[in-house]
Amino acid sequence: MTVLIKGAGVAGLAAAFELSRRGITVEVMDAAETVGTGASTYAGGMLAPYCEREAAEEAVLTLGLPSPDWWAEAVPGEVSRKGTLVIAAGRDSVELDRFASRTRGYEWVGGNTIGELEPDLAGRFDRALFFPEEAHLDPRKAMAGLYETLVEKGVRFHLGSTEPPADTAFSAVVECTGAAAIGSTPGLRGVRGEMLFLETAEISLSRPVRLLHPRHPLYIVPREDHRFMVGATMIETDDDGPITARSVMEFLNAAYAVHPAFGEARLVETGVGVRPAFADNLPRVLEQEDGFSIAGMHRHGFLLAPAMAQQLADRICAGGHEQLYAQGALQ
Ligand SMILES: Cc1cc2nc3c(=O)[nH]c(=O)nc-3n(C[C@H](O)[C@H](O)[C@H](O)COP(=O)(O)OP(=O)(O)OC[C@H]3O[C@@H](n4cnc5c(N)ncnc54)[C@H](O)[C@@H]3O)c2cc1C
């Protein structure tokens, strides 16, 4: 009667939450000693279905729209619903038109409104796209919150191990091992994402700001304690080695273009995560011999984990996996 979730990144934790709230007994294991140490720890935490639609399939928008509500219920108080601001330097202004032509859900705003939304950007940009319905969260706090809630609900965690606990007979296993599934999941590839954290009290931002650029687009996501997550590269490789000097230079140049005070900020952390992705960059719930997997979250782990968790729970509750019935896991 118990489902084992393998992998406690955003996909695994969201799946555990969704199954457990539907009354299914869940246990979670992870190779690492703590939850959320994979690609999920380096994410921007943007819940930005309209902005992502610029380069993604319509399904990312439709599946992603309810995501902020799911997160607000799962980790109350952690979702910030202040929208996204998309800007470009004057010489790259055409990038804003191109971006706008590929998505929807935005308002064109001029310099005055930019200054009202983000006072520290006043006078720096003449026009921008504002996506009022978008949201963001701090991935590390959100995953810590999910973990705490799951522990309170009685979910057992087995951390620091790749072997399923021997004391329980699991009716199904749900594999949520992120990039570790590359090689064993046909069609899954890695997309390297580099990022860094800047710290400065000289600037305040209330919402994610995306700077469009023909070669080096970047986003800045505000966190607590005067920290700003700056990301992210998209490199077709599953190499998770340290960030390159070129990427650091490009991020810092672009952050400086958003506001010169970033030039005096402290560079407090760099990180690299490998996003697991299929050819169409859409995630999937896949049926496997002993259960299911949630795979291919690509650059939408936080945006689309709720939808994948719900699809998984629907299939398990509907008896999508015959073995669950055969073993008496589900009624
Ligand atoms: C720089 C960057 C920025 C991003 N920004 C955003 C964003 O703003 N919004 C958004 O929605 N998404 C964003 N993403 C994408 C998001 O981070 C990923 O889609 C997501 O983290 C993938 O989650 P996952 O749970 O599938 O994998 P992971 O987070 O990698 O988790 C996999 C887990 O499985 C465990 N594991 C591996 N092998 C085993 C094993 N054999 N046994 C047990 N456990 C195992 C690992 O220890 C790990 O904890 C970003 C990604 C990057 C890299």
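Q: Which helices and strands each supply at least two residues of the lining of the second largest pocket?
A: This is a predicted model. In it, helix 2 (49-53), helix 5 (93-101) and helix 8 (245-258) each supply at least two. So do strand 11 (209-212) and strand 12 (218-222).

Q: Which one gives the largest share?
A: Helix 8, with five residues.

Q: What volume does that pocket have?
A: The second largest pocket has about 700 Å³. It is lined by 36 residues, and P217, L218, A232, M234 and R299 are the closest to its centre.

Q: How does the lining split by class?
A: There are 14 nonpolar, 13 charged and nine polar residues.

Q: Back to helix 5. Which of its residues are buried?
A: E95, L96, F99 and A100.

Q: What covers the buried residues?
A: The cover includes helix 2 and strand 11, along with strand 4 (84-88), strand 5 (107-110) and strand 6 (127-131).

Q: New topic. How many cavities of 30 Å³ or more are there in the whole structure?
A: One. The largest cavity has a volume of about 30 Å³.

Q: Which residues line the largest cavity?
A: Among them are E175, T177, L188 and I294. Strand 16 (residues 291-295) gives the largest share, three residues.

Q: And how many are charged?
A: One, next to four nonpolar and four polar residues in the lining of the largest cavity.

Notes:
Residues are numbered from 1 along each chain as its sequence is written. This is a predicted model: local features need pLDDT of at least 70, side-chain atom pairs count only at pLDDT 80 or more; totals for chains, interfaces and linings use all residues. Side-chain values use heavy atoms; hydrogens and water are left out. On a 1 Å grid over the protein atoms alone, a cavity is a set of points where a 1.4 Å probe fits but cannot get out, and a pocket is an open set with protein on both sides within 12 Å along at least five of seven lines; lining residues have an atom within 4 Å of a point. Grid points are joined across faces, edges and corners, and a volume is the space filled by probe spheres set on the points. Helices (H or I, at least four residues) and strands (E, at least two) are DSSP runs, numbered from the N terminus. Ala, Val, Leu, Ile, Met, Phe, Trp, Tyr, Cys and Pro count as nonpolar, Asp, Glu, Lys and Arg as charged, and the others, Gly among them, as polar. Buried means under 20% relative accessible area, exposed over 50%, partly exposed in between (1.4 Å probe, protein chains only). Contact means heavy atoms within 4.5 Å.
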